[in-house]
Amino acid sequence: YTIISTLYANNEYARFFVLETVARVPYFAYLSVMHLRETFGKREPGDSERMRTHYAEADNELHHLLIMESLGGNSSSFDRALAQSMAFGYYWYVVGVYTFSEQAAYHLSELIENHAYNTYNQFIETRAEELKQLPVPDIARKYYEDDDPFLFDLFRTVREPEVLLPMRHRRSRPELNSLYDVFVCVRNDEREHWKTLCNLVQRDSIEGTGEIIESTKPTPPGSS
């Protein structure tokens, strides 16, 4: 991610296109392994709900990708080839990790989603005035305002106290007035994924706890 950020330091939309192409991969990988296990008769309580949530997360990342494409992030054949190559290799890596350790795979994604949140947050803070003057892409308005909210609501597994969110972004269906609002939504989506992954790593559960979520902390040496 550091290499990508350096390579695309002056081309944010292309950088976001590459990152969002890769960001979808873990959820596909989780589903692939879970489907294969299910095929061989391994069905655990809660697996169906977890699979639906991962599908909803993949659908959300797809729409992030479509938004970046609508902004011209995929205009370069080099960028497309790089993103697709990285996604292909990363898919098989996550499949291998998830097969042997779900917690390790989830923790890796927790770190990545946290990085994504911070990346978008920094972009919003530094480009706020410019973004507020730009229009909402059609695909963003369709996804956030017009489409059936079932999948959108499904991946939002942890509800934090509303006091922590700005008033206009507390609703399930956000209000979009400019490209700034679109990037706020994308940023907040990444936080939703991060919260779900924290629960999966720390509690092995997709269920929200109603608590404020914190990053996974390293286990002290000698702890069981």
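User: What makes Y13, F16, Y120, F123 and F183 a cluster?

Analyst: In this predicted model, ring pairs link these five residues, Y13, F16, Y120, F123 and F183. A search of the whole structure gives 17 aromatic pairs.

User: Why is the pair of Y13 and F183 called stacked?

Analyst: The ring centres of Y13 and F183 are 6.2 Å apart, with 10° between the planes.

User: Are Y13 and F183 buried or exposed?

Analyst: Y13 is buried, and so is F183; the term requires under 20% relative accessible area.

User: Why is the pair of Y144 and F152 edge-to-face?

Analyst: The planes of Y144 and F152 stand at 90°, and the ring centres are 5.8 Å apart. An angle over 60 degrees counts as edge-to-face, so the name applies. Y144 is buried, as is F152.

User: How do you know that K132 lies over the face of Y180?

Analyst: K132 is at 4.8 Å from the ring centre of Y180. The limit for that distance is 6 Å, and the direction must also be within 35 degrees of the ring normal. K132 is listed as lying over the face of Y180.

User: What lines the second largest pocket?

Analyst: The lining has 13 residues, and E44, P45, D47, R50 and E102 lie nearest the centre of the pocket. Helix 3 (25-39) and helix 4 (47-70) each give two or more residues to the lining. By class, the lining has 4 nonpolar, 2 polar and 7 charged residues. The volume of this pocket is about 210 Å³.

How values were computed:
Residues are numbered from 1 along each chain as its sequence is written. This is a predicted model: local features need pLDDT of at least 70, side-chain atom pairs count only at pLDDT 80 or more; totals for chains, interfaces and linings use all residues. Side-chain values use heavy atoms; hydrogens and water are left out. Rings of Phe, Tyr and Trp (its six-membered ring) pair if their centres lie within 6.5 Å; planes under 30 degrees apart count as stacked, over 60 as edge-to-face and the rest as tilted. Buried means under 20% relative accessible area, exposed over 50%, partly exposed in between (1.4 Å probe, protein chains only). On a 1 Å grid over the protein atoms alone, a cavity is a set of points where a 1.4 Å probe fits but cannot get out, and a pocket is an open set with protein on both sides within 12 Å along at least five of seven lines; lining residues have an atom within 4 Å of a point. Grid points are joined across faces, edges and corners, and a volume is the space filled by probe spheres set on the points. Helices (H or I, at least four residues) and strands (E, at least two) are DSSP runs, numbered from the N terminus. Ala, Val, Leu, Ile, Met, Phe, Trp, Tyr, Cys and Pro count as nonpolar, Asp, Glu, Lys and Arg as charged, and the others, Gly among them, as polar.
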